[in-house]
Amino acid sequence: MSDPKKPTTRLATHTNEELYYRDDGLVGTLMGKVSFTEMMFLHIMGRKPTKGEIVILDAVLVTLMEHGLTPSAISTRLTYHSAPEALQAAVAAGLLNVGSQFVGTMENAAKLLMVLLQDDVSFDAAARREIRALRASKKPLPGFGHHLHKPDDPRTARLFEIALSQEGIDGIYIDAMKRLSGIIDEEMGRHLTINATGAVAAVLLEIGVEPEIMRGFSVISRAAGLVAHIREEQSIPTARLIWDVVEEAIPYV
C-alpha cells in the first residue's frame with residue numbers, strides 16, 4: 001500500500017522498452033495515432049476527450065494563437081532583439097504577458113459565470129450585484145468589451161456555434177454568458193460585446209475545464225503564435241522601430 005502522504009506523479013514513467021504518458025505507451029499506443037490536441041487534453045485533464053471536445057478545443061486554440069502586435073508579441077520581439085541566441089527566452093517573455101488583462105481573461109470570466117450559476121439568489125439578481133460591485137471598484141467586466149470589434153466580436157458567435165453543434169454539449173454556460181451579456185447592457189445603458197476570451201470561458205466550461213487551469217490553454221496556444229512572431233522578426237525586424245517609436249513618443253521632461 002502506498003503512503004498517502006508521500007508525493008507521487010501519475011503523468012509519466014518509462015522502462016527500457018517504452019515511455020508512458022499516464023498509462024498509455026508513447027511508442028506503441030500514442031505516436032502516429034493521436035493528435036497533439038487529443039494528447040494534450042488527455043495529459044492535462046486525465047481523461048480521453050470526445051470528438052466534440054477535440055473540435056471545441058481546437059477552435060479555442062486557433063482563436064487564441066494570434067492577436068497581432070499586442071503586449072505579448074511586442075515583448076517577444078524586443079527580447080529576441082536583445083538576445084537572439086535565446087529563442088526560448090523571447091517566447092517566455094511573451095508568455096509572461098498572458099494575464100488577467102490580455103489573453104488570459106477567460107479565467108475570471110469563467111469564475112464569474114460559476115458564481116452566478118451557484119448563487120442562492122436568482123441569476124439576474126446575482127448578476128446585477130456582481131456587475132455593480134465590479135463597476136464600483138472600477139474593475140473591468142471579465143469577458144466583455146473590445147476596442148476594435150464593435151458592436152460584436154465575430155469570434156464569439158462562431159465559437160458558440162461550433163460548441164453548440166457538438167454532441168453532448170448542453171449549452172448551460174453559453175446560455176449563462178448570453179444572459180449575463182443582456183444584463184450588462186441594461187446596467188451599462190449601452191451594448192458591450194462578449195469578447196473572444198469571454199466566449200472561450202463559456203465553451204471551456206462546457207467541456208469540463210476548470211477556471212484555475214484555463215489560462216494554461218492560452219499559454220499553449222500563444223506560444224505557437226509567438227514563435228511565428230520570432231520567425232517574422234528574423235526576416236522583417238520591427239523591434240528597433242518599436243524602440244524608436246517609444247523614445248519619440250515619450251519625451252524626457
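These are my notebook entries on a few spots I looked up in this structure, which is a predicted model.

**Entry 1: helix H7**

I started with H7, which runs over residues 123-136.

Next I asked which residues of H7 are buried. They are Phe123, Ala126, Ala127, Ile131 and Leu134. Looking down the axis of H7, I find these buried residues within an arc of 130°, so they line one face of the helix.

What do the buried residues of H7 pack against? Their partners are helix H6 (106-118) and H9.

The structure holds 13 salt bridges in total. I went through three of them that join H7 and H9.

The pair I took up to begin with is arginine 179 with aspartate 124, whose side chains meet at 3.7 Å, N to O. Arginine 179 belongs to H9 (residues 172-188) and aspartate 124 to H7, so this bridge links distant parts of the chain, 55 residues apart. Arginine 179 is partly exposed at 36% relative accessibility, and aspartate 124 is also listed as partly exposed, at 36%.

Then I looked at glutamate 186 and arginine 128, which form a salt bridge at 2.5 Å, N to O. Glutamate 186 sits in H9 and arginine 128 in H7, so the bridge ties together parts 58 residues apart in sequence. Glutamate 186 is exposed, with a relative accessible area of 55%. Arginine 128 is partly exposed, at 23%.

The last pair I looked up is glutamate 187 with arginine 132, their closest N and O atoms being 2.9 Å apart. Again the glutamate is in H9 and the arginine in H7, so parts 55 residues apart in sequence are tied together. Is glutamate 187 buried or exposed? Glutamate 187 is buried, because its relative accessible area is 17% and the cut-off for buried is under 20%. Arginine 132 is partly exposed, at 49%.

I also checked how these residues connect. Arg128, Arg132, Glu186 and Glu187 are linked in a network of salt bridges.

**Entry 2: threonine 37**

I moved on to threonine 37, which lies in helix H2. Threonine 37 is buried, with a relative accessible area of 8%. Which residues does threonine 37 touch, not counting those up to four places away in sequence? I found Ile54, Leu57, Asp58 and Leu61.

Where is methionine 31? I located it in the loop between helix H1 (26-30) and helix H2 (36-45). Methionine 31 counts as exposed because its relative accessible area is 51%, and the cut-off for exposed is over 50%.

Methionine 31 also turned up in a nonpolar patch on the surface, together with Leu19 and Val27. I noted about 290 Å² of accessible area for the three together.

Notes:
Residues numbered from 1 in each chain as written. Predicted model: local features only at pLDDT ≥ 70, side-chain atom pairs only at ≥ 80, totals over all residues. Heavy atoms only, no water. Patch = residues over 30% accessible without salt bridge, like charges linked within 9 Å, V, L, I, M, F, W, Y side chains within 5 Å. Areas by Shrake-Rupley, 256 points an atom, 1.4 Å probe, with all protein chains shown as cover. Salt bridge = Lys/Arg side-chain N within 4 Å of Asp/Glu carboxyl O. Helix = DSSP H or I, 4+ residues; strand = E, 2+ residues; numbered from the N terminus. Buried < 20%, exposed > 50% of the residue type's maximum accessible area, 1.4 Å probe, protein only. Contact = heavy atoms within 4.5 Å. Arc of directions from axis to C-beta.
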